[in-house]
Amino acid sequence: MVSGIVSYANEHLGQEVISPEQLYVALLHVREQIAPATPSSGMNMVKLVPARNNKVRNYIPDDLTQSILSNLSLKSLNRFRCVRKSWSTLFENPSFISLLRNNFLFNNHDYYEDTSLLLHQIVTDDEFVLYSLSGERFEIGTKIDWPNPFEENKPNFDISGSCSINGILCLINYSEPNTRAVLWNPTTQEFKVIPTSPFEFVPHMDVDILRHGFGYDCVTNDYKIIRQVMCYHKIDIDVYLLEDIDNDHFWEIYSLRSNSWRKLEYDIPINHKESGVCLDGMVHWWNQSDDIGDEDDEDDDDDEAYLLSFDLRTEEFITTLTPLEDVSFDSGYVLSDLMVLNGSIALISNYTNLGSFQIYVLGEFGVKESWFKLFIFQPLSIIVYPIGAGRKGNIFFTNEDGKLIFFSLSTMIIEEFNFVRGKFSGKTITYKESLLPIGEINE
């Protein structure tokens, strides 16, 4: 009976956001299915408000209500906290949290459909290697050759983001005089060299690309690259001769359809965490201002960490403040990073002094209260820094010796990668093959 009702809830409530009216219809369906049940059955009950004239009187078991609610999207679940007082305290209920975790881990998500895992390893400052991983425990690694659009003796690239977009990776080349971006489809070996931006040529100034983002705008059918640029005085130039030229930072966006760059008028604090993630047409970075102003300014809030999201469709930024942490103990040094976990934006924080880490999953952008703390693990002192995630809750870390390991949230088992020896630096990439052309053809 429970499985049938939950199936109904999945079918009718499985969309990203539902209304209270839709939820009420589902509960009415549940009432009809369990009409013979009474309080004497020994189950904990939630009483529907009795009334006459088309309003009904019945009882719904607590465990059934929790089963239905645990199948909602996190966004809907957050909005329904205010419907009933008992629903607002569900996250203090261990049995409900267990249901929510299981549904989060084991519900299939199309984000991972027909995908494979790539491993991007930084061997040295000027040597990057890309592997395709296979095997039940990722024990087989096949090296993938980089494209060579700049005819270098040894081409090397960083990769923007943590996944391919319609089979396309955005490669970043730092060996050129200016940082260059290349769109590349490893399946077809097609690549597209992105032109340099006219905004990056400033007399007497050096240019540094602080962070990249790459994604797809489904509204205009366009691939876009978003990045933050920092201009600063050249070291060998007398700054007194440039007193009218200030250090500057700005955002710019590239459109594949127009094959051109545009400058964006946004004043977002500088941040040097280049790595971001892309999901559903939005690029996300974990942001904390480096420009925190006067140390004596007690009212300075620039140092607060938050999620910075850029919607490629509207070309607007959205900020989501971090969840409140328990500051009643000395948490020590905290390593936090973003990743896509089972199709959701997740924040993993490692409290190194405690040997534990926490995983928050975001339900709704711009709503601080929609961060859900789904996992707390302690002690796990062997795990140090997260570098990516795979399907069904596999998270990849480096351990205290710098070796690459993966940890399963479903089995709680930690295993080492067999083919990667020595200390590891890099990240994982979720890749989905595609035979579609990138768009414009290289000239």
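How many contacts beyond four places in sequence does the model have for residues 290-302, where pLDDT stays under 50? The model has ten of them for this stretch, a contact being heavy atoms within 4.5 Å.

**Before you click**

This is a predicted model, in which local features need pLDDT of at least 70 and side-chain atom pairs count only at pLDDT 80 or more, while totals for chains, interfaces and linings use all residues. Residues are numbered from 1 along each chain as its sequence is written, and side-chain values use heavy atoms, with hydrogens and water left out.

**Stop 1: confidence**

Colour the chain by pLDDT, the predictor's confidence in each residue, from 0 to 100. The average for the protein chain is 77, and 73% of the residues score at least 70. Now select residues 34-58: pLDDT stays under 50 here too, and the model has 38 contacts beyond four places in sequence for them. Where pLDDT is low, the predicted coordinates should not be read in detail. Strands (E, at least two residues) are DSSP runs, numbered from the N terminus.

**Stop 2: two hairpins**

Select β3 (residues 115-124) and β4 (residues 127-134), which run antiparallel and are joined by seven bridges. Two strands pair if DSSP finds at least two bridges between them. β3 and β4 form a hairpin with two residues between them, and T124 stands opposite E127 in β4.

Look for S132, whose bridge partner in β5 is T142. This hairpin has five residues between its strands, and G135 in the turn has a positive phi of about 100 degrees.

**Stop 3: a glycine in a loop**

Go to G167, in the loop between β6 (158-159) and β7 (169-173). Is G167 buried or exposed? G167 counts as buried, because its relative accessibility is 1% (buried means under 20% relative accessible area, exposed over 50%, partly exposed in between, with a 1.4 Å probe and protein chains only). Show Y431 as well: 264 residues separate G167 and Y431 along the chain, yet their C-alpha atoms are 6.7 Å apart. Leaving aside neighbours within four places in sequence, the contacts of G167 include W184, P186 and K432.

**Stop 4: the cores**

A nonpolar core is a set of buried Ala, Val, Leu, Ile, Met, Phe, Trp, Tyr and Cys residues joined through side-chain atoms within 4.5 Å. The largest one has 42 residues, and L183, I225 and I226 have the most contacts inside it. Strand β16 (residues 306-311) gives the largest share of this core, four residues. Another core, of 29 residues, lies apart from it, with L72, L74, F80 and M339 among its members.

Centre on I225: not counting residues up to four places away in sequence, I225 touches residues including L183, Y254 and W261.

**Stop 5: aromatic rings**

The whole structure has 17 aromatic pairs. Rings of Phe, Tyr and Trp (its six-membered ring) pair if their centres lie within 6.5 Å; planes under 30 degrees apart count as stacked, over 60 as edge-to-face and the rest as tilted. Select F357 and F397, a tilted pair with 5.4 Å centre to centre and 50 degrees between the planes. F357 lies in strand β20 (residues 356-362) and F397 in strand β23 (residues 394-399), so the pair ties together parts that are 40 residues apart in sequence.

To finish, select W251, Y266, W285, F310 and F317, which form one aromatic cluster.
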